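Hi,

Here is the structure for your files. My notes on it follow below.

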Amino acid sequence: MPDMTPGVASALSPLVRRIVANNPGYMTGPGTNTYLVGIDEVAVIDPGPEDVAHVEAIIGASMRERVRWVLLTHTHPDHWPAARYLADQTGAEILMFPVKGIDLEPHGWLENGQIIEGTEFGLEVIHTPGHASNHVCFFLEEERAYVTGDHIMNGSTVVIPPPDGNMTHYLESLELLKKRTRLTRIYPGHGEVIDDAKGKIQEYIEHRLMREGQIVDLLAEGPAKIPAIVARLYEGLNEAIVPRAEQTVLAHLLKLKRDGRVVGRDERSTWKTA
Ligand SMILES: [Zn+2]
(Lines give C-alpha, C1' and ligand atoms only; values in the text may rest on other atoms or scores of the structure.)
Protein backbone atom coordinates (compact mmCIF):
# COMPACT_ATOMS: atom_id res chain seq x y z
CA MET A 1 0.00 0.00 0.00
CA PRO A 2 1.39 3.46 -0.87
CA ASP A 3 2.78 5.51 1.97
CA MET A 4 0.48 7.89 3.88
CA THR A 5 3.32 9.35 5.94
CA PRO A 6 3.06 13.17 5.78
CA GLY A 7 5.50 14.77 3.38
CA VAL A 8 6.34 11.59 1.44
CA ALA A 9 5.39 11.56 -2.25
CA SER A 10 3.75 8.29 -3.35
CA ALA A 11 3.22 7.32 -6.97
CA LEU A 12 -0.39 6.09 -7.30
CA SER A 13 -0.33 5.73 -11.09
CA PRO A 14 2.00 6.82 -13.90
CA LEU A 15 0.27 10.22 -13.84
CA VAL A 16 -0.75 10.78 -10.23
CA ARG A 17 1.31 11.28 -7.09
CA ARG A 18 0.05 12.03 -3.59
CA ILE A 19 1.56 13.84 -0.64
CA VAL A 20 -0.40 13.77 2.62
CA ALA A 21 -0.37 17.01 4.62
CA ASN A 22 0.56 16.84 8.27
CA ASN A 23 -2.90 17.72 9.59
CA PRO A 24 -4.41 14.42 10.79
CA GLY A 25 -7.63 14.59 12.83
CA TYR A 26 -11.22 13.45 13.26
CA MET A 27 -12.37 15.37 10.21
CA THR A 28 -9.25 14.98 8.07
CA GLY A 29 -8.33 11.31 8.64
CA PRO A 30 -4.61 10.81 7.99
CA GLY A 31 -4.44 14.41 6.69
CA THR A 32 -5.41 16.31 3.53
CA ASN A 33 -4.35 14.60 0.30
CA THR A 34 -2.44 16.83 -2.09
CA TYR A 35 -2.35 15.34 -5.60
CA LEU A 36 0.26 16.06 -8.24
CA VAL A 37 -1.10 15.23 -11.70
CA GLY A 38 1.37 15.02 -14.60
CA ILE A 39 5.15 14.88 -14.74
CA ASP A 40 6.24 17.28 -17.47
CA GLU A 41 3.63 19.87 -16.52
CA VAL A 42 2.13 19.44 -13.08
CA ALA A 43 -1.27 20.38 -11.69
CA VAL A 44 -1.31 20.42 -7.89
CA ILE A 45 -4.80 19.71 -6.56
CA ASP A 46 -5.48 20.98 -2.99
CA PRO A 47 -2.15 22.20 -1.64
CA GLY A 48 -3.50 21.91 1.91
CA PRO A 49 -3.01 24.02 5.03
CA GLU A 50 -0.30 26.67 5.19
CA ASP A 51 2.71 24.54 6.09
CA VAL A 52 6.12 25.34 4.65
CA ALA A 53 7.38 21.76 5.00
CA HIS A 54 4.40 20.47 3.01
CA VAL A 55 4.94 23.03 0.25
CA GLU A 56 8.64 22.14 0.16
CA ALA A 57 7.64 18.48 -0.24
CA ILE A 58 5.36 19.38 -3.15
CA ILE A 59 8.10 21.38 -4.85
CA GLY A 60 10.68 18.69 -4.05
CA ALA A 61 8.56 16.09 -5.86
CA SER A 62 8.57 18.12 -9.11
CA MET A 63 10.90 20.54 -10.68
CA ARG A 64 9.80 23.97 -9.46
CA GLU A 65 9.10 25.39 -12.92
CA ARG A 66 7.02 22.38 -13.94
CA VAL A 67 4.28 23.23 -11.44
CA ARG A 68 1.84 25.05 -13.70
CA TRP A 69 -1.48 25.03 -11.86
CA VAL A 70 -2.70 25.03 -8.28
CA LEU A 71 -6.28 23.77 -8.44
CA LEU A 72 -8.68 23.92 -5.48
CA THR A 73 -11.57 21.47 -5.06
CA HIS A 74 -13.10 23.95 -2.58
CA THR A 75 -12.03 26.51 -0.04
CA HIS A 76 -12.36 24.90 3.39
CA PRO A 77 -9.27 25.62 5.50
CA ASP A 78 -7.68 22.17 5.30
CA HIS A 79 -7.47 22.41 1.48
CA TRP A 80 -6.37 25.82 0.22
CA PRO A 81 -4.20 28.03 2.49
CA ALA A 82 -0.87 26.82 1.05
CA ALA A 83 -1.98 27.93 -2.44
CA ARG A 84 -0.50 31.41 -2.37
CA TYR A 85 2.90 30.35 -1.02
CA LEU A 86 3.12 27.47 -3.49
CA ALA A 87 2.19 29.78 -6.38
CA ASP A 88 4.76 32.37 -5.25
CA GLN A 89 7.44 29.69 -5.10
CA THR A 90 6.68 28.16 -8.49
CA GLY A 91 4.96 30.77 -10.66
CA ALA A 92 1.94 28.47 -10.95
CA GLU A 93 -1.56 29.82 -11.55
CA ILE A 94 -4.17 29.39 -8.81
CA LEU A 95 -7.57 28.39 -10.19
CA MET A 96 -10.76 27.80 -8.18
CA PHE A 97 -14.53 27.92 -8.51
CA PRO A 98 -15.93 31.28 -7.34
CA VAL A 99 -17.16 31.78 -3.78
CA LYS A 100 -17.58 34.79 -1.48
CA GLY A 101 -15.67 35.44 1.73
CA ILE A 102 -12.29 33.88 1.05
CA ASP A 103 -9.09 35.85 1.51
CA LEU A 104 -7.52 34.62 -1.70
CA GLU A 105 -7.26 36.20 -5.14
CA PRO A 106 -6.83 33.38 -7.62
CA HIS A 107 -5.37 33.95 -11.09
CA GLY A 108 -8.56 32.71 -12.67
CA TRP A 109 -11.88 30.97 -12.13
CA LEU A 110 -12.69 27.37 -12.92
CA GLU A 111 -15.79 26.77 -14.99
CA ASN A 112 -17.97 23.69 -15.17
CA GLY A 113 -16.88 21.59 -18.17
CA GLN A 114 -13.55 23.35 -18.60
CA ILE A 115 -10.54 21.13 -19.30
CA ILE A 116 -7.13 21.85 -17.82
CA GLU A 117 -4.75 20.51 -20.47
CA GLY A 118 -1.28 19.45 -19.44
CA THR A 119 1.17 17.82 -21.84
CA GLU A 120 0.19 14.35 -20.60
CA PHE A 121 -3.32 14.78 -19.25
CA GLY A 122 -6.70 16.46 -19.40
CA LEU A 123 -8.52 17.33 -16.19
CA GLU A 124 -12.18 18.18 -16.63
CA VAL A 125 -13.79 20.45 -14.06
CA ILE A 126 -17.14 19.23 -12.72
CA HIS A 127 -19.04 21.58 -10.43
CA THR A 128 -20.29 19.46 -7.52
CA PRO A 129 -21.96 21.70 -4.93
CA GLY A 130 -23.15 20.07 -1.70
CA HIS A 131 -20.30 19.87 0.81
CA ALA A 132 -19.48 23.44 -0.23
CA SER A 133 -21.20 25.64 -2.83
CA ASN A 134 -17.96 26.09 -4.80
CA HIS A 135 -16.88 22.46 -4.67
CA VAL A 136 -15.55 20.89 -7.87
CA CYS A 137 -14.36 17.41 -8.70
CA PHE A 138 -11.86 16.74 -11.47
CA PHE A 139 -12.19 13.99 -14.06
CA LEU A 140 -8.83 12.70 -15.20
CA GLU A 141 -9.60 11.63 -18.76
CA GLU A 142 -6.56 9.39 -19.27
CA GLU A 143 -7.55 7.19 -16.31
CA ARG A 144 -11.33 7.80 -16.23
CA ALA A 145 -10.77 8.58 -12.56
CA TYR A 146 -12.21 11.28 -10.30
CA VAL A 147 -10.38 13.52 -7.89
CA THR A 148 -13.20 14.21 -5.44
CA GLY A 149 -11.92 16.53 -2.69
CA ASP A 150 -14.40 16.34 0.19
CA HIS A 151 -17.33 15.29 -1.97
CA ILE A 152 -16.29 11.66 -1.45
CA MET A 153 -13.70 10.62 1.13
CA ASN A 154 -12.26 7.37 2.32
CA GLY A 155 -12.66 6.65 6.02
CA SER A 156 -14.20 9.90 7.23
CA THR A 157 -17.78 11.08 6.80
CA VAL A 158 -18.60 14.04 4.62
CA VAL A 159 -20.19 16.90 6.58
CA ILE A 160 -22.84 19.01 4.86
CA PRO A 161 -22.84 22.37 6.68
CA PRO A 162 -25.75 24.70 5.77
CA PRO A 163 -26.15 27.29 4.41
CA ASP A 164 -23.09 26.91 2.15
CA GLY A 165 -23.57 23.14 2.25
CA ASN A 166 -26.79 21.83 0.71
CA MET A 167 -28.05 18.24 0.86
CA THR A 168 -30.26 18.53 -2.25
CA HIS A 169 -27.27 19.71 -4.27
CA TYR A 170 -25.02 17.10 -2.65
CA LEU A 171 -27.22 14.22 -3.81
CA GLU A 172 -27.61 15.76 -7.28
CA SER A 173 -23.83 16.05 -7.53
CA LEU A 174 -23.38 12.39 -6.58
CA GLU A 175 -25.89 11.41 -9.29
CA LEU A 176 -23.96 13.53 -11.77
CA LEU A 177 -20.70 11.70 -10.98
CA LYS A 178 -22.43 8.34 -11.23
CA LYS A 179 -23.55 8.97 -14.82
CA ARG A 180 -20.14 8.46 -16.42
CA THR A 181 -19.28 5.05 -17.74
CA ARG A 182 -16.11 2.94 -17.44
CA LEU A 183 -15.03 4.72 -14.27
CA THR A 184 -11.96 3.37 -12.56
CA ARG A 185 -10.88 4.89 -9.30
CA ILE A 186 -11.46 7.81 -6.98
CA TYR A 187 -8.68 9.93 -5.56
CA PRO A 188 -10.39 11.32 -2.42
CA GLY A 189 -9.47 14.44 -0.45
CA HIS A 190 -8.81 12.28 2.62
CA GLY A 191 -7.84 8.62 2.92
CA GLU A 192 -6.64 5.96 0.51
CA VAL A 193 -7.48 5.58 -3.17
CA ILE A 194 -10.92 4.03 -3.77
CA ASP A 195 -10.78 1.34 -6.44
CA ASP A 196 -14.47 0.77 -7.14
CA ALA A 197 -15.54 4.28 -8.14
CA LYS A 198 -19.11 3.49 -9.18
CA GLY A 199 -19.72 1.25 -6.17
CA LYS A 200 -18.53 3.95 -3.80
CA ILE A 201 -20.68 6.65 -5.38
CA GLN A 202 -23.71 4.35 -5.13
CA GLU A 203 -22.84 3.57 -1.50
CA TYR A 204 -22.71 7.30 -0.73
CA ILE A 205 -26.12 7.90 -2.31
CA GLU A 206 -27.65 4.97 -0.43
CA HIS A 207 -26.09 6.07 2.86
CA ARG A 208 -27.63 9.55 2.56
CA LEU A 209 -31.04 8.16 1.62
CA MET A 210 -30.81 5.72 4.54
CA ARG A 211 -30.14 8.62 6.95
CA GLU A 212 -32.99 10.58 5.40
CA GLY A 213 -35.32 7.62 5.89
CA GLN A 214 -34.23 7.30 9.53
CA ILE A 215 -34.99 10.96 10.17
CA VAL A 216 -38.44 10.67 8.58
CA ASP A 217 -39.20 7.56 10.67
CA LEU A 218 -38.01 9.23 13.85
CA LEU A 219 -40.14 12.33 13.29
CA ALA A 220 -43.12 10.09 12.55
CA GLU A 221 -42.86 9.03 16.22
CA GLY A 222 -43.15 12.68 17.31
CA PRO A 223 -41.59 16.15 16.95
CA ALA A 224 -37.89 16.41 17.86
CA LYS A 225 -35.00 18.83 18.05
CA ILE A 226 -31.72 18.23 16.25
CA PRO A 227 -29.59 17.14 19.26
CA ALA A 228 -32.16 14.45 20.10
CA ILE A 229 -32.16 13.25 16.47
CA VAL A 230 -28.35 13.07 16.46
CA ALA A 231 -28.32 11.12 19.73
CA ARG A 232 -30.70 8.55 18.23
CA LEU A 233 -29.08 8.31 14.79
CA TYR A 234 -25.41 8.31 15.66
CA GLU A 235 -24.95 6.09 18.70
CA GLY A 236 -21.63 6.34 20.46
CA LEU A 237 -20.53 9.30 18.36
CA ASN A 238 -17.34 11.01 19.50
CA GLU A 239 -18.15 14.29 21.33
CA ALA A 240 -15.88 16.24 19.00
CA ILE A 241 -17.95 15.27 15.97
CA VAL A 242 -21.40 15.94 17.45
CA PRO A 243 -21.59 19.55 16.13
CA ARG A 244 -20.70 18.28 12.63
CA ALA A 245 -23.36 15.59 12.80
CA GLU A 246 -25.86 18.25 13.88
CA GLN A 247 -25.00 20.32 10.81
CA THR A 248 -25.51 17.34 8.53
CA VAL A 249 -28.85 16.48 10.16
CA LEU A 250 -29.92 20.10 9.64
CA ALA A 251 -28.94 19.74 5.96
CA HIS A 252 -31.12 16.62 5.73
CA LEU A 253 -34.04 18.41 7.41
CA LEU A 254 -33.76 21.40 5.09
CA LYS A 255 -33.83 19.07 2.09
CA LEU A 256 -36.86 17.24 3.49
CA LYS A 257 -38.51 20.62 4.02
CA ARG A 258 -37.86 21.56 0.37
CA ASP A 259 -39.37 18.19 -0.54
CA GLY A 260 -42.49 19.14 1.48
CA ARG A 261 -42.06 16.29 3.96
CA VAL A 262 -41.13 18.04 7.22
CA VAL A 263 -41.76 21.36 8.97
CA GLY A 264 -39.21 23.40 10.93
CA ARG A 265 -36.91 26.37 10.49
CA ASP A 266 -33.36 26.12 11.77
CA GLU A 267 -30.91 24.43 14.13
CA ARG A 268 -32.94 25.48 17.18
CA SER A 269 -36.37 24.46 15.89
CA THR A 270 -38.51 21.55 16.89
CA TRP A 271 -38.99 19.61 13.66
CA LYS A 272 -42.02 17.54 12.76
CA THR A 273 -43.52 15.76 9.80
CA ALA A 274 -45.52 17.87 7.35
ZN1 LIG B 1 -11.14 18.37 3.79
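**The sheet**

An open sheet is built from 5 strands, in the order β8-β9-β10-β11-β12, with mixed pairing. β8 (115-117) and β12 (186-188) are the edge strands; each has a single partner strand, so one side of each is left without a neighbour in the sheet. From one strand to the next, the twist averages 20°. Strands here are DSSP E runs of at least two residues, helices are H or I runs of at least four, and both are numbered from the N terminus. Two strands count as paired if DSSP finds at least two bridges between them.

V147 has Y187 in β12 as its bridge partner.

Before the rest, two notes on the model. It is predicted, so to speak of local features pLDDT must be at least 70, and side-chain atom pairs count only at pLDDT 80 or more, while totals for chains, interfaces and linings use all residues. Residues are numbered from 1 along each chain as its sequence is written.

**Helix pairs**

α1 (residues 52-61) packs on α2 (residues 83-90) at about 40°, with the axes 10 Å apart. Axes are lines fitted to C-alpha atoms, for helices over the stretch in contact, and angles run from 0 to 180 degrees between N-to-C directions. The two helices are therefore oblique to each other. (Under 35 degrees is roughly parallel, over 145 roughly antiparallel, 65 to 115 roughly perpendicular, and the rest oblique.) V55, I58 and I59 of α1 meet Y85, L86, Q89 and T90 of α2. Contact requires C-beta atoms, placed from the backbone, within 7 Å. This contact has 5 nonpolar, 2 polar and no charged residues. (Nonpolar: Ala, Val, Leu, Ile, Met, Phe, Trp, Tyr, Cys and Pro; charged: Asp, Glu, Lys and Arg; polar: the others, Gly among them.)

α4 (residues 197-221) and α6 (residues 242-258) have axes that come within 10 Å and cross at roughly 75°. That makes α4 roughly perpendicular to α6. R211, E212, I215 and V216 in α4 meet V249, H252, L253 and L256 in α6. By class, that is 5 nonpolar, 1 polar and 2 charged residues.

**Domains**

The chain is assigned domain 1 (10-195) and domain 2 (209-273); such bounds come from an automatic or database assignment. Their C-alpha centres lie 30 Å apart. Domain 1 puts 10 residues into the contact and domain 2 puts in 12. The domain 1 side has 7 nonpolar, 3 polar and no charged residues.

Best wishes

Methods: Contact = placed C-beta atoms within 7 Å.
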